[in-house]
Structure formats: structure tokens, C-alpha cells
Amino acid sequence: MGQNPTSGVLSLQRRRDIYALCQKYDILIVEDDPYWYLQFPSATAMNTTNISPGSTSFNPDVEMFANGEPRPDGWKSSGFKFLDSIVPSSISIDTDGRVIRLDTFSKTVAPGCRLGWISAQPAFIERIQRVTECSTQQPSGFVQSLVSELLLGPDHSGIKDVSEATGWKVDGWIRWIEGLRGNYERRMNKMCSVLDDGRHLVKSGRRESIDGWSVIEKTQLYSFDWPVGGMFIWLKVHFEHHPLYRAFKHDRLSRALWLFWTTKPYRVLVSPGTLFSPTEEIKAKDGWRFFRLCFAAINVEDVEPVSKRCADGVQAFFKIKDKKVIDDLLAEDGTEMNMDDMAQMIGMC
């Protein structure tokens with residue numbers, strides 16, 4: 001869910017198709033779901049390429065089944081409208097016990113807590129527990145105490161029934177992640193709106209009068225899909241439209257843009273797509289075209305100005321026609337950045 005770095009989401013039907021294939025060849029499914037709660041319904045209406053058909057909601061008629069009545073296909077409400085409205089995990093369709101689902105508190109409580117849990121059939125859990133005893137032993141005891149106190153309350157050692165807890169409990173936890181999702185969704189919408197406005201370079205100097213109409217040439221500089229989950233925007237830069245595209249190796253022109261973004265007045269850091277390329281072949285063919293932007297790591301008040309500087313940086317980069325400017329950028333690559341420069345930088349990684 002909210003796949004990193006593309007922010008795509010597989011539909012329920014796609015998951016069923018994959019599950020059927022795994023049944024046929026007896027394959028286990030390990031589903032890593034750190035962003036499962038961070039699905040953005042508002043983005044689904046903005047694009048159709050980053051989400052599979054049928055992914056907008058597992059159950060669009062949530063209210064009808066909120067009382068727990070089973071649907072004709074055997075579906076049953078979780079009891080929480082928020083959870084019912086998002087695309088379900090593959091574990092919800094697992095009839096053979098072949099799905100192992102991984103969850104974490106790191107994306108919903110604190111980035112550095114490094115605490116999560118595994119959902120799977122008992123036989124898998126028992127073996128995983130044995131492996132853990134001989135390797136990591138357990139996550140940080142301090143973090144475990146912190147999260148358990150948050151969910152169950154300060155004095156929960158003798159609690160046998162979770163309903164007696166004085167902490168968030170399940171309903172409080174769901175309210176928290178629903179609010180968190182809304183916060184991230186607003187940031188995502190703001191960043192995407194700003195980037196949307198700056199995706200074209202308008203060449204206002206080249207106009208021709210045709211029957212009284214003015215023709216303005218527009219060049220698309222980059223494209224992206226509005227994220228339907230996760231924390232990231234997957235930006236594809238159309239380097240082939242750059243005036244110096246044929247003067248440099250493609251990966252070097254991409255590197256130059258990455259460096260150009262860090263200069264004044266733009267001062268933004270993004271993650272190059274080459275970091276996420278699974279093979280050298282993909283890295284050389286396509287990885288250099290992409291950059292990952294993160295809207296979750298920026299303060300709310302910074303989202304709009306930082307996104308504007310990011311878009312402005314691409315606009316300015318595509319106006320460079322002097323090869324020496326690119327050469328100078330690449331020549332400075334690897335030089336140390338002083339602390340004042342680093343302090344002014346805003347990360348979008």
C-alpha cells in the first residue's frame with residue numbers, strides 16, 4: 001500500500017489475481033504495509049494511472065454494512081468506517097495461510113521507534129519467534145513500554161481485558177491514524193497542486209499571429225501521478241526537452257539538475273531515482289529520469305514555498321543553454337558543503 005517510491009496501490013481484484021497465481025505455484029506472500037493506513041481517496045479522482053481499477057474503496061457502501069452484517073462475497077465490516085473505506089490487505093483474502101503481513105509504528109507514531117508487528121498463521125509466527133530469539137532477541141524495551149503505555153495506559157500490566165485499558169485503546173488508535181492520514185493528505189494535495197502549476201515551460205517569446213489568435217508554445221518539463229498512498233511523489237523529468245539533452249550523457253544531466261536544486265535560491269534536496277533502481281540496467285535506462293519527493297517530512301507551513309522552489313528550479317534548469325553552466329555544476333560535485341548552506345536546505349527526500 002502506498003508503494004515506496006511510486007505511491008501506487010494494488011486493487012483488491014489485482015491482489016486476488018496475484019493470490020490465485022501464488023496458490024497455483026505454492027508461493028508465500030510477504031506484504032510490507034508501513035503505509036497501509038495512509039491511503040488518499042482525494043488523489044484517486046486526480047489520476048487513473050497510479051491506481052488499479054476498483055482500488056478507490058473496498059466497500060463504497062460502508063454505512064450499509066457498518067453493523068457487521070456480511071456482504072454476499074463474505075466480507076464483514078471491521079467496525080470502523082475508516083478501515084472499511086481503504087483498500088484491504090492481502091491477508092483479508094488469505095484462505096491458505098500463505099500471507100505474512102508486516103506492520104510498524106514507525107510511520108504512525110514516531111519515525112525512530114523501530115517497532116512493529118507481524119500477522120500470519122501460527123506456524124509461521126512460532127518459527128519467526130524462534131529465529132528472533134537467536135538473532136535480534138527483541139526490539140527496544142524502552143520503545144515497547146512507551147507504545148504499550150500509549151495504547152493501554154500507564155498501569156496495564158494486570159489488564160486481562162483491553163476494554164479496561166486507560167490509554168488510546170483500539171478506537172483511539174484508529175482515530176489517531178485517521179487524523180494523521182488527513183494531515184498527510186492535505187500536505188500531499190498542496191504539494192501536488194503547486195507542482196501541477198509549474199509542470200510546463202511557456203515560451204512567451206515565440207508567438208505567431210494566426211487569424212487574430214496568439215499561439216504560445218508550451219513544453220512539459222515533468223510529470224507525476226497524484227499519490228494514492230504513502231508519503232511520496234514520484235517525479236519524472238522530461239530531460240529530452242532540455243536544450244542540452246544531446247550534449248551530455250543522460251545520467252550526468254540528471255545529476256546536474258539534482259545539484260542545481262541545491263543552489264540558491266532553490267535550496268531543496270530530493271532523492272534521485274537511481275537510488276531505487278533494482279538493477280544496473282534499469283538504473284541506466286530509466287532511473288536517472290526520476291526523483292522522489294516527500295511531503296511528510298516538511299512542516300505544514302513550508303510545503304507550499306518549498307514545492308514552489310522545487311518547480312522553479314526545474315523551470316530555471318531548462319532555460320540553461322550554455323554548456324559551461326552544466327560543466328561547472330558537475331565540476332563542483334563532491335565538494336564539501338558548509339554548515340550555513342546545509343542549514344538553509346529543505347529536504348524533500
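Me: How many helices and how many strands does the protein have?
Reply: The chain of this predicted model has 349 residues. Its secondary structure comes to 11 helices and 11 strands.

Me: What percentage of the residues count as buried?
Reply: A residue is buried when its relative accessible area is under 20%. The accessible surface of the protein comes to about 19600 Å², with 53% of it belonging to carbon and sulfur atoms. Of the 349 residues, the buried share is 42%.

Me: What share of the contacts with a separation of 6 or more comes from residues 24 or more positions apart?
Reply: The count takes in contacts in the protein with a separation of 6 or more. Within that set, residues 24 or more positions apart account for 69%.

Me: How many residues apart in sequence are the parts that Asp26 and Arg98 tie together?
Reply: Asp26 and Arg98 form a salt bridge, with the closest N and O atoms 3.4 Å apart. Asp26 lies in the loop between helix H1 (12–25) and strand E1 (29–32), and Arg98 lies in the loop between helix H3 (81–85) and strand E2 (99–104), so the pair links parts separated in sequence by 72 residues.

Me: Which helix holds both Lys308 and Asp312?
Reply: The side chains of Lys308 and Asp312 meet in a salt bridge, 3.0 Å from N to O. Lys308 is partly exposed at 44%, and Asp312 is partly exposed at 30%. The two are 4 residues apart, about one turn of the helix, and both lie in helix H9 (residues 303–317).

Me: Which residues do salt bridges that share partners join into one network?
Reply: A search of the whole structure finds 16 salt bridges. Where salt bridges share partners, they join residues into one network, made up of Glu126, Arg127, Arg130 and Glu133.

Methods: Residues are numbered from 1 along each chain as its sequence is written. This is a predicted model: local features need pLDDT of at least 70, side-chain atom pairs count only at pLDDT 80 or more; totals for chains, interfaces and linings use all residues. Side-chain values use heavy atoms; hydrogens and water are left out. Buried means under 20% relative accessible area, exposed over 50%, partly exposed in between (1.4 Å probe, protein chains only). Contact means heavy atoms within 4.5 Å. Accessible areas come from the Shrake-Rupley method with a 1.4 Å probe; for residues, only the protein chains shown count as cover. A salt bridge is a side-chain nitrogen of Lys or Arg within 4 Å of a carboxyl oxygen of Asp or Glu.
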